[in-house]
Amino acid sequence: MIYRHVRYSHPVPVSDQVERHLAQSMFKAPGPKVLEIGCGTGQYTSWLVQEGYEVTAVDISGEMMALAQKKIAAIEENTSKVKPVHWWHADITEILDQLETYDGIFSMTAFEFVPEPENVLKKLFSHLKPGGCMMIGLIAGMSAWSEYYGEAARNNPTSVFARAALYTKEEIGSWQIGVSVEIGECLFFPPNVQTTTEALSLEEKREGNPGFVVARWVK
């Protein structure tokens, strides 16, 4: 089985904003070199570039990477002195031995599709420089959101989510990567929430299981 990165669509647009806020607040690399796993269409690649990082962007989908390249080209055209992006069309599980060392490793919604994520993350952690930060964002298991995507997979067996493994924060916390993990949580509102106001109100209360978790390891 190979991992297949996916750009998934949220039923509630504010969900993406909430995830972005959490991920961006938790990722801080001590130097410029960042490896992004599952760059997709470049949503986070754009942010990393604008934060001043020199990004190596990996994705298994050449089609999505082409869209990401267009996004970055537009930024390079309109912004002076951005660092170059190094594009790598590959399955991360097949290039682990070819990686350099990085100040940061960043991945959003890709590790649901990576077989044996604990082992892969352990190998990735060995490619971090001292003080480096590795961070992944995942749809959380045992939540209203995992039920939503699970139902989507049951209704459509060809859905990418039929191949997804959705882990709880406790499962992620038990992974032996090399150092202890810090976990951030968000999406405390369900996918069927009716309005942005209601979603943000429920998010503030932080009741029940989170629908999305961000895990960070610092070397």
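Colleague: Lys 81, buried or exposed?
Modeller: In this predicted model, Lys 81 counts as exposed because its relative accessibility is 83%, and the cut-off for exposed is over 50%.

Colleague: Where is the place of Lys 81?
Modeller: Lys 81 sits in the loop between α3 (62–78) and β3 (86–89).

Colleague: And what is phi of Lys 81?
Modeller: Near 65°, a positive value in a residue other than glycine. Most residues other than glycine have a negative phi.

Colleague: What about phi of Glu 116?
Modeller: Phi of Glu 116 is near 50°, a positive value, and Glu 116 is not a glycine either. Glu 116 lies in the loop between β4 (102–108) and α4 (117–125) and is exposed, with a relative accessible area of 56%.

Colleague: Switching topic. Val 58, buried or exposed?
Modeller: Val 58 counts as buried, at 0% relative accessibility. The residue lies in strand β2 (residues 54–59).

Colleague: What is Val 58 in contact with, leaving aside neighbours within four places in sequence?
Modeller: Leu 35, Glu 36, Ile 37, Gly 38, Cys 39, Met 65, Trp 88, Ala 90 and Ile 95.

Colleague: Now the helices. At what angle do α1 and α2 pack?
Modeller: About 40°, with the axes of α1 (residues 13–26) and α2 (residues 43–50) 12 Å apart. The two helices are therefore oblique to each other, and α1 passes α2 in a right-handed crossing.

Colleague: Which residues meet there?
Modeller: From α1, Asp 16, Glu 19, Arg 20, Ala 23 and Gln 24; from α2, Gln 43, Tyr 44 and Trp 47. By class, that contact has three nonpolar, two polar and three charged residues.

Conventions
Residues numbered from 1 in each chain as written. Predicted model: local features only at pLDDT ≥ 70, side-chain atom pairs only at ≥ 80, totals over all residues. Heavy atoms only, no water. Axes fitted to C-alpha atoms, helices over the stretch in contact; angles between N-to-C directions. Helix = DSSP H or I, 4+ residues; strand = E, 2+ residues; numbered from the N terminus. Parallel < 35°, antiparallel > 145°, perpendicular 65-115°, else oblique. Left-handed = near helix turned anticlockwise from the far one by under 90°. Contact = heavy atoms within 4.5 Å. Nonpolar A, V, L, I, M, F, W, Y, C, P; charged D, E, K, R; others polar. Buried < 20%, exposed > 50% of the residue type's maximum accessible area, 1.4 Å probe, protein only.
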